[in-house]
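The sequence and the model are shown here.

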Amino acid sequence: SKREIKMRKLDSTKVRPLKSEQFLRIEDHDFALRPGFGGSPIPVGIDVQVESIDSISEVDMDFTMTLYLRHYWKDERLSFRSNRNKSMTFDGRLIKKIWVPDVFFVHSKRSFIHDTTVENVMLRVYPDGNVLFSLRITVSAMCFMDFSRFPLDTQNCSLELESYAYNEDDLMLYWKHGNKSLSTDEHISLSQFFIEEFSASSGLAFYSSTGWYNRLFINFALRRHIFFFVLQSYFPAMLMVMLSWVSFWIDRRAVPARVSLGITTVLTMSTIMTGVSASMPQVSYIKAVDVYLWISFLFVFLSVIEYAAVNYLTTIEERKQLKKRGKASGMYSIDAVQAMAFDGCFRDTDVDVDLTAFSDRCEENDTRARAASVSNADTTHMKRKRSLKGNVGRIILQNNHVIDTYSRIIFPSVYIVFNFFYWGLYI
């Protein structure tokens, strides 16, 4: 009647459907149900184009990826007549009124659809009812990393896709074009990793409450750049270990020099180890870099212990010699030791002389050296240099304990063997 028509016009809650909705006859169907409800599972094809891998976090053990996710399926309820057999493209406003696959990312922490300048969603419908649904998404997902070989490691991560509500009896999720369904941008690069490969695979996931679900995997392998860690960790550790060896060539009675050098190298190694640990997750197993740094720290620590042993044995030896020769152990012996530590004329067998005899013998040696230099004025410059080097080397050897002599050979040899073994094992 005219009254009912008038009432419908005045009812503001009624919203006229859009022309696209009228064209696709959306109001004639119940899109709360999947296509072919009650029959065989609907096949939904997937293909993915990876735009970028934005970040890899070792501390959080996750990665962030931006990708184009495309779904393909057939819904005969959306078929329409077309003389030219052309498809129709819609934006995101129509998505909320039709059925779309409920694909989600397994183990994802955060994800969003880009919405600048508008929501990055596209729906394309073909006359026969085939549908293409495309999204541009950024997702952060977990990556179960193994750091036992860090920083010489290769990490295998995967992004997993699955239907949330529909198990394999209602929806069959598969890669649309097989292995070619996964494509990547040619310019993808990361600061700390080489991207070795991308691959697509599929499988099944079981949930005790709801059954079996199809699951798709985007797999990629990441190999870490080693050069950064060589410069920041390995090379400084090597230098500190080699610097600690300088102690073996310093006079054993130069206590401040050798102790200061040992403590400095120990503290520096501690700083390097703390810096590496601060940028890593607190895992309960030993990493490859921990092995190297702890062994290097042990070498530095042993160089300090080595001097403690040298100093202790030297003190015992001097006391024994003083007792044998009947010398007093008071201030006299202390002054003698200090004088011998800083005088190039010291000999280990000369500890029993007094200071006067010691200085007289030094003056006598100086007189002989000056006489020898005058008599040998016609020798070449090369011979003088060799003689000087020989004297310096003899003085150094005579003023060091036998432990220092062996340490100069044993410490570098063992450290070189350790490096060969370490790099051969992990590379």
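A residue counts as buried under 20% relative accessible area, as exposed over 50%, and as partly exposed in between. The model is predicted, and in it M61 has a relative accessible area of 24%, which means that this residue is partly exposed. M61 is found in the loop between β1 (42-57) and β2 (62-74), and its phi is near 55 degrees, a positive value in a residue other than glycine.

H107, located in the loop between β4 (103-106) and β5, likewise has a positive phi, near 65 degrees, and counts as partly exposed at 36% relative accessibility. Most residues other than glycine have a negative phi, and most peptide bonds are trans.

## Cis peptide bonds

T116 and T117 are joined by a cis peptide bond with omega of about 0 degrees, and T117 has its place in the loop between β5 (108-113) and β6 (121-125). Another cis peptide bond, again with omega of about 0 degrees, joins F150 and P151, where P151 lies in the loop between β7 (130-142) and β8 (154-163).

## Helix α3

Helix α3 (residues 227-244) has 18 residues, so at 1.5 Å a residue it should span 26 Å, which agrees with the 25 Å between its end C-alpha atoms. Within α3, a kink of about 35 degrees lies at Y234, shortly before the proline P236.

Among the buried residues of α3 are F229, Y234 and M240, and what covers the buried residues of this helix includes β12 (211-224), α4 (255-278), α5 (288-324) and α9 (402-426).

## Nonpolar core

The largest nonpolar core has 78 residues, of which I46, V48, F63, L123 and L159 touch the most other members. Leaving aside residues up to four places away in sequence, the contacts of L123 include M88, F90, I98 and F133.

Terms used. Residues are numbered from 1 along each chain as its sequence is written. This is a predicted model: local features need pLDDT of at least 70, side-chain atom pairs count only at pLDDT 80 or more; totals for chains, interfaces and linings use all residues. Side-chain values use heavy atoms; hydrogens and water are left out. Helices (H or I, at least four residues) and strands (E, at least two) are DSSP runs, numbered from the N terminus. The expected span of a helix is 1.5 Å times one less than its number of residues. The bend at a residue is the angle between axes fitted to the seven residues ending there and the seven starting there. Buried means under 20% relative accessible area, exposed over 50%, partly exposed in between (1.4 Å probe, protein chains only). Contact means heavy atoms within 4.5 Å. A nonpolar core is a set of buried Ala, Val, Leu, Ile, Met, Phe, Trp, Tyr and Cys residues joined through side-chain atoms within 4.5 Å.
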